[in-house]
Amino acid sequence: ATMVKSGTFTANGSSVWLSVKTHPVHIAINGTFGSGTVAVEQRIQGTTSTVIDSGTAIAITAADNSAYNFQQGDSIRLTLSGSTSPDLDYKISGVVA
């Protein structure tokens, strides 16, 4: 069974940390960004950093459905910043809280 976590951003903030169980991890985001940006973040040995994919920080500013090759056990979360009145739904498959 696929493990899926979903939620909605109605203000700037972060999702809970999620543990990767399968890969690739699919991240789908859709709705009103309110001019904000969603960063995919990873926690490594207690330090939080923006995930780098192909040399670029992952910064999502429009509806998106992408797969990322995290390793099992990685801790990831989504963080929305710079938005005004967002209504943004997200779904992350292959993870558990």
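Which residue in S11 is the bridge partner of leucine 18? In this predicted model, the bridge partner of leucine 18 in S11 is isoleucine 76.

The secondary structure of the protein chain consists of 13 strands and zero helices. Read from the N terminus, the order of elements is accordingly β-β-β-β-β-β-β-β-β-β-β-β-β. The radius of gyration is 12 Å, close to the 13 Å that the globule rule gives for 97 residues, so the protein chain is as compact as a globular protein of that length. Along the principal axes, the C-alpha atoms fill a box of roughly 35 × 30 × 25 Å. Of the 97 residues, 38% count as buried. Among the contacts with a separation of 6 or more, 82% are made by residues 24 or more positions apart. The protein chain exposes about 5200 Å², and carbon and sulfur atoms supply 44% of this area. The chain carries 5 positive and 6 negative charges, whose mean positions lie 11 Å apart.

Strand S11 comprises residues 75-81. Six of its seven residues are buried, so the strand is largely enclosed by the rest of the structure. Several strands pair with S11. Strand S2, formed by residues 13-14, runs antiparallel to S11 and is joined to it by two bridges; here serine 14 stands opposite threonine 79. Strand S3, formed by residues 18-20, also pairs with S11 in the antiparallel sense, over two bridges, and this pairing includes leucine 18 and isoleucine 76. Strand S5, which spans residues 37-44, is antiparallel to S11 as well, with seven bridges between them. Within that pairing, threonine 37 has serine 81 as its bridge partner.

A further group of pairings involves strand S4, which spans residues 25-32. Strand S4 is joined by five bridges to strand S10, residues 64-68, and the two run antiparallel. In this pairing, histidine 26 has alanine 67 of S10 as its bridge partner. Strand S4 is also antiparallel to S12, to which seven bridges join it.

Isoleucine 60 is located in strand S9, residues 59-60. Its relative accessible area is 6%, which is under the 20% limit, so isoleucine 60 counts as buried. Apart from its neighbours within four places in sequence, isoleucine 60 is in contact with Ile29, Phe33, Gly36, Thr37, Val38, Val40 and Tyr68. Threonine 37, one of these contacts, is also the residue bridged to serine 81 in S11. Between isoleucine 60 and leucine 80, which are 20 residues apart in sequence, the C-alpha to C-alpha distance is 9.2 Å.

Tyrosine 90 lies in strand S12, residues 87-93. With a relative accessibility of 14%, tyrosine 90 counts as buried. When residues up to four places away in sequence are set aside, tyrosine 90 touches Lys5, Ser6, Gly7, Thr8, Phe9, Ser15, Ala28, Ile29 and Leu78. Ile29 is also among the contacts of isoleucine 60. Glycine 34 is 56 residues away from tyrosine 90 in sequence, and their C-alpha atoms are 15 Å apart.

Most residues other than glycine have a negative phi, and most peptide bonds are trans. Histidine 23 and proline 24, by contrast, are joined by a cis peptide bond with omega of about 5 degrees. Proline 24 is situated in the loop between S3 and S4. Serine 35, in the loop between S4 and S5, is a residue other than glycine with a positive phi, near 65 degrees. Its relative accessible area of 72% exceeds the 50% limit, so serine 35 is exposed. Glutamine 45 likewise is not a glycine and has a positive phi, of about 50 degrees. Glutamine 45 is placed in the loop between S5 and strand S6, residues 47-50, and is exposed, with a relative accessible area of 83%.

Methods. Residues numbered from 1 in each chain as written. Predicted model: local features only at pLDDT ≥ 70, side-chain atom pairs only at ≥ 80, totals over all residues. Heavy atoms only, no water. Helix = DSSP H or I, 4+ residues; strand = E, 2+ residues; numbered from the N terminus. Rg over C-alpha atoms; globule rule 2.2 N^0.38 Å. Buried < 20%, exposed > 50% of the residue type's maximum accessible area, 1.4 Å probe, protein only. Contact = heavy atoms within 4.5 Å. Areas by Shrake-Rupley, 256 points an atom, 1.4 Å probe, with all protein chains shown as cover. Lys, Arg positive; Asp, Glu negative; His and termini not counted. Charge placed at Lys NZ, Arg CZ, Asp CG, Glu CD. Pairing = 2+ DSSP bridges.
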